[in-house]
Protein chains: 2
Amino acid sequence: MAGVREEKKRRTRQAILQAAVQLFGDKGYERTSINELAKAAGVGKGTIYSYFQTKSEIFLAFCEDELEQVYAEVAQKTGPDARLTEQLMAFFMGQFRYVTRHKDFGRLLLREMIFPKELTVERSKDLDNSYIDYLSAMCTGAQERGELRRDVDLLFVCGHFYALYLITVSAWYMDRLQTEDDVAGALELLLQQSLEGLLPTGRK
Amino acid sequence: MAGVREEKKRRTRQAILQAAVQLFGDKGYERTSINELAKAAGVGKGTIYSYFQTKSEIFLAFCEDELEQVYAEVAQKTGPDARLTEQLMAFFMGQFRYVTRHKDFGRLLLREMIFPKELTVERSKDLDNSYIDYLSAMCTGAQERGELRRDVDLLFVCGHFYALYLITVSAWYMDRLQTEDDVAGALELLLQQSLEGLLPTGRK
DNA sequence: ACAAAAAGTCGACCGCGGTCGGCTTTTTTG
DNA sequence: CAAAAAAGCCGACCGCGGTCGACTTTTTGT
């Protein structure tokens, strides 16, 4: 009977991802080998590579799920009508808390997402797009409330905010910022700067 | 006679770095194996690891030199009295051109510098500091010329600009920006935003 | 001057991520 | 329903980055 094949594939894929959640979550990405993963998923090593091109691609797939959670958590903490900076802070700090809980993880995810290799570019873009969508929604709301200029490209605004988040996380990874509060403080300051502008007040 | 040892060490270290410049520059970082490097430097594999902790550390050492060149090139193109955005663009685009010429390279360098592992944090900080110094100098000048607010922490201003550069490079790696001109355009726009601010013009 | 100690060198070896050709299972064809 | 074709699965195998203990060279102590 036809269709058996497709069903099996779906199941196998799920088994691999399930094993990944288990093992990555348990002992970390770096300390989980593909062989272990294959064993745990009950398939051969080669099979894994017919579902995913690289180890990090498995990781990104795994992260898509995790990110959903973060989004949900953030949505819970602040509504769509809060002030823009408040929403941004909730969004970014929600992610940051995730990163702090999984430092190695987070580094890898960020590395792949921000400076992807050719092989993972597509997956990174997917993740990135869901990011941008989320931020765009926030910004549109803010524009309607008059908290944000309307004569700017939303993509660039989102990029701008995102950039500030990244540099802050980077500062944390480089040990320039130690505590969560340090990070929050720095990020808020940077966001403030971006809103107010850096020109002297008697401006052009 | 004493001192023979020290001299030899210095020479060996130089030989390794020299071989790295040669091979990394020639066939790229990823496609150069430690074994090759060892052969080319005329030492054993293990020896290399008594001079550097990881392959990427060799790379960072190598990059310190390269960066010097970029700085020099930039200094040549624009003086310290040019408008701030012009200086920033020259500085960042100088680096970007380097990155485009060595895509794999650049990715690795950025990954290590922005999201360093514990092992390379120190080296990354060194590189980063030289960055910040350079940017700080530009900003101080701009402040004196009245192109930049004085009531802001320079570190955060530099971080802000740097963040915008990074997100732009990231967009390039993700294939959202293709040509050098695209990148320059996007970066200039973002810098402009940061100077003018994102608040509506009837602002707080 | 020589032996003991310290420092430095080396390549066989390890487990890893990733590949590939042979094998099994499913689907298609007449 | 059998045989050919297509699709999927597997694990031995590859070169890699990195480790380690045996070995060599330099320094130190007497």
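**Exercise 1.** Which side chain meets that of Arg111(B) in a salt bridge?

*Solution.* This is a predicted model in which local features need pLDDT of at least 70 and side-chain atom pairs count only at pLDDT 80 or more, while totals for chains, interfaces and linings use all residues. Residues are numbered from 1 along each chain as its sequence is written, chains are lettered from A and ligands numbered from 1 in the order in which they are written, and side-chain values use heavy atoms, with hydrogens and water left out.

Step 1. A salt bridge is a side-chain nitrogen of Lys or Arg within 4 Å of a carboxyl oxygen of Asp or Glu.
Step 2. The partner of Arg111(B) is Glu112(A), at 3.5 Å from N to O.
Step 3. Across the interface of chain B and chain A, the rule finds 10 salt bridges.

**Exercise 2.** Describe the interface between chain B and chain A.

*Solution.* 
Step 1. With contact taken as heavy atoms within 4.5 Å, 52 residues of chain B are in contact with 52 residues of chain A.
Step 2. The buried area (the accessible area, 1.4 Å probe, that two parts lose on being put together, summed over both) is about 5,000 Å², and carbon and sulfur atoms give 60% of this.
Step 3. Arg111(B), Phe115(B) and Leu198(B) supply 17% of the area that chain B buries against chain A, more than any other three residues.
Step 4. There are 27 residue pairs in polar contact between the chains, both residues at pLDDT 80 or more. A polar contact is a pair of N or O atoms within 3.5 Å; within protein, one must be able to donate a hydrogen and the other to accept it, and residues adjacent in sequence count only if both atoms are side-chain atoms.
Step 5. On chain B, α6 (103-114), α7 (121-144), α8 (154-173) and α9 (180-196) each supply at least two residues of the side that touches chain A. The largest share, 13 residues, comes from α8(B). Helices (H or I, at least four residues) and strands (E, at least two) are DSSP runs, numbered from the N terminus.

**Exercise 3.** Is Leu177(A) buried or exposed? Compare it with Asp175(A).

*Solution.* 
Step 1. Buried means under 20% relative accessible area, exposed over 50%, and partly exposed in between (1.4 Å probe, protein chains only).
Step 2. Leu177(A) lies in the loop between α8 and α9 of chain A. Leu177(A) has 14% relative accessibility, so it counts as buried.
Step 3. Not counting residues up to four places away in sequence, Leu177(A) touches Thr168(A), Ala171(A), Trp172(A), Asp182(A), Val183(A) and Ala186(A).
Step 4. Asp175(A) is placed in the loop between α8 (154-173) and α9 (180-196) of chain A. Asp175(A), at 41% relative accessibility, counts as partly exposed.
Step 5. Phi of Asp175(A) is near 75°, a positive value in a residue other than glycine.
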